[in-house]
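Keep the structure open beside the text as you read.

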Amino acid sequence: MYREGNLVSGKLEALIQHMVPTADYYPDRAFLFAFLLTSRLFIKPHDLLGQILAFSEAQLKAKQATTKERGQLLARFVQLLGEWSETFPYDFRDERVMSHVRDVAHRCVSVEGPVRQEVSLLLHNLLYRLKKLEQYEAFLHSIHTEATTTSIEALSQVSDLK
């Protein structure tokens with residue numbers, strides 16, 4: 001359902017299809033953010049990515065895409081994964097999501113042109129984000145451990161005074 005030219009609601013399957021990039025269509029960034037944020041209430045990220053890949057592959061088969069068209073679609077797909085991983089990097093900590101990413105990367109290796117470099121950059125940036133998240137979590141854990149130790153020491157000192 002559209003209101004004033006903006007997509008405001010729809011069935012889950014239709015919204016997922018709306019996320020699938022094509023040669024002449026790429027989903028709006030605002031839609032991507034809103035849908036990725038809210039879709040997790042109805043579908044797990046790995047299932048969402050799997051369905052997007054399935055719709056994309058079905059389009060290619062129905063259209064009997066040439067190698068060039070396949071490369072263009074893969075480039076758009078890599079762009080989608082890049083935006084997704086920038087906004088919601090935690091989704092990519094799931095091995096099932098990464099399985100889909102590896103599948104896309106494998107497809108990109110067989111395609112000529114700049115898509116190889118784009119997927120390489122995507123994987124590099126994704127690895128960087130995941131390492132930063134891991135470092136941040138380790139930092140939070142160390143703060144929590146330090147705070148717990150300090151609290152225990154303070155309680156010990158108070159009980160010693162009694």
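How many cavities of 30 Å³ or more does a search of the whole structure find? The search finds one. Before looking into it, please note that this is a predicted model, in which local features need pLDDT of at least 70 and side-chain atom pairs count only at pLDDT 80 or more, while totals for chains, interfaces and linings use all residues. Residues are numbered from 1 along each chain as its sequence is written, and side-chain values use heavy atoms, with hydrogens and water left out.

Rolling a probe the size of a water molecule over the atoms shows where empty space is left. Here a cavity is a set of points, on a 1 Å grid over the protein atoms alone, where a 1.4 Å probe fits but cannot get out; lining residues have an atom within 4 Å of a point. Grid points are joined across faces, edges and corners, and a volume is the space filled by probe spheres set on the points.

Which residues line the largest cavity? They are L53, S56, E57, L60, R70, L73, L74, F77, V104 and R107. Helices α3 (45–63), α4 (67–87) and α5 (95–109) each give at least two residues to this lining; helices are DSSP runs (H or I, at least four residues), numbered from the N terminus. Sorted by class, the lining has six nonpolar, one polar and three charged residues. In this sorting, Ala, Val, Leu, Ile, Met, Phe, Trp, Tyr, Cys and Pro are nonpolar, Asp, Glu, Lys and Arg are charged, and the others, Gly among them, are polar.

Now turn to a pair of these helices. Two packed helices are described by the angle between their axes and the distance between the axes. For α4 and α5 the angle is about 145° and the axes lie 10 Å apart; axes are lines fitted to C-alpha atoms over the stretch in contact, and angles run from 0 to 180 degrees between N-to-C directions. From α4, the contact (heavy atoms within 4.5 Å) is made by L74, F77, V78 and L81, and from α5 by V104, R107 and C108. These residues divide into six nonpolar, no polar and one charged.

Next come two loop residues. T22 sits in the loop between α1 (12–19) and α2 (29–39). Is T22 buried or exposed? T22 counts as buried because its relative accessibility is 17%, where buried means under 20% relative accessible area, exposed over 50% and partly exposed in between (1.4 Å probe, protein chains only). Not counting residues up to four places away in sequence, T22 touches Q59, L73 and R76. A65, in the loop between α3 and α4, is partly exposed, with a relative accessible area of 22%. With residues up to four places away in sequence left out, A65 touches L60 and R70.

Finally, look at α1 and α3. F55 belongs to helix α3 and, leaving aside its neighbours within four places in sequence, is in contact with E13, I16, Q17 and V20. Q17 lies in helix α1 and is partly exposed at 39% relative accessibility. Between Q17 and A54, 37 residues apart in sequence, the C-alpha to C-alpha distance is 9.9 Å. D47, also in helix α3, is partly exposed at 36%, and its C-alpha atom is separated by 9.8 Å from that of H100, 53 residues apart along the chain.

Notes: On a 1 Å grid over the protein atoms alone, a cavity is a set of points where a 1.4 Å probe fits but cannot get out, and a pocket is an open set with protein on both sides within 12 Å along at least five of seven lines; lining residues have an atom within 4 Å of a point.
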